[in-house]
Amino acid sequence: MTAITKDNGTDAFLSARPRLFAAAYRMLGSVSDAEDILQDAYLRWQAAPQDEVLDATGYLLRITTRLCLDQLKSARARRETYTGAWLPDPVLTDDATDQLDHDVSVALLLALEALSPLERAAFLLHDIFDSPYQDIATALDRSPSACRQLATRARRKVQDLRPKRPNNPDQGRALTDAFFHASKTGDTAALTQLLSEDVQLISDGGGKAMAALNPIYGRDKVLRLLDGIARKSGKRTPDRWRLCQLNGLPAILNWAEDGVFQATSLDIRDGKIARIYVIRNPDKTRHLIDLLD
């Protein structure tokens, strides 16, 4: 076996990095936390006996998983005191890249929140990253049969909580463009046609930007909220905005009238807008601001 030099070790890490980020982001729902995990994983990789490692990517994925499990303990504590509704950090998915292959939808990430850390890890490693149960057992310090049970339980919960994803990108972009202009100009007639009767609006300000503390349920309540916001902003379209795709969903980035940069994603089902996710917490959107420059 050829020993891995320190330079080759760095190359191996950089090669695996997109996969490691995808795993850490799905585990934590946070871009900044995922980046911190990767920095720690790199330091541990540099200190590892690399000449004894047969599968660098698998080894690094196990390190990353263990670090994420430790991080989830503090993350869950932070969520308990989080101001208002919590949404995962938005990530750009306009381009098909290896970094975030497979599903990173908000629906999936919210479904993962209902799992225990071990269930989440087993499900992601097996169902998303195709890791064999023997490798998962090593990462989680459990038997392969126990890991199989964890993944099975997690899969069942995710299937129950995760709605069907939209499958018409062109329709999604058209509806998103129509929604953006109608909501900003206060066109309630148009919005009534765009929104499903049981639409939900979830906004995340994290206590750092104005946002609804609780989800808004039902078309009438969402219409009243959007009309109130449009009135305050003078019923005009913002100067700086763009359509994009975030977490596999059609989305809009824009500077709001109050100076807050926000990301709005739409979950479209059966030709209607069923979920509206609005992220205004500056800690969660700062990595996207340059997209409007």
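A: In this predicted model, K208 is exposed, because its relative accessible area of 52% is over 50%. K208 forms a salt bridge with D283, and the closest N and O atoms of the pair are 2.2 Å apart. The two residues belong to distant parts of the chain: K208 sits in the loop between β1 and β2, D283 in helix α11 (residues 282–285), and 75 residues separate them. D283 counts as partly exposed, with 30% relative accessibility.

A further salt bridge joins the side chains of R280 and D258, at 2.4 Å from N to O. Since R280 lies in the loop between β6 and α11 and D258 in the loop between β4 and β5, this pair ties together parts that are 22 residues apart in sequence. R280 counts as buried, at 9% relative accessibility, whereas D258 is partly exposed, with a relative accessible area of 45%.

The side chains of R153 and E119 meet in a salt bridge of 3.2 Å, N to O. R153 is in helix α7 (residues 144–161) and E119 in helix α5 (residues 117–128), distant parts of the chain that lie 34 residues apart. R153 counts as partly exposed at 36% relative accessibility; E119, at 5%, counts as buried. Both residues also belong to a network of salt bridges that includes K157.

These pairs are among the 16 salt bridges that the structure holds.

How values were computed:
Residues numbered from 1 in each chain as written. Predicted model: local features only at pLDDT ≥ 70, side-chain atom pairs only at ≥ 80, totals over all residues. Heavy atoms only, no water. Salt bridge = Lys/Arg side-chain N within 4 Å of Asp/Glu carboxyl O. Helix = DSSP H or I, 4+ residues; strand = E, 2+ residues; numbered from the N terminus. Buried < 20%, exposed > 50% of the residue type's maximum accessible area, 1.4 Å probe, protein only.
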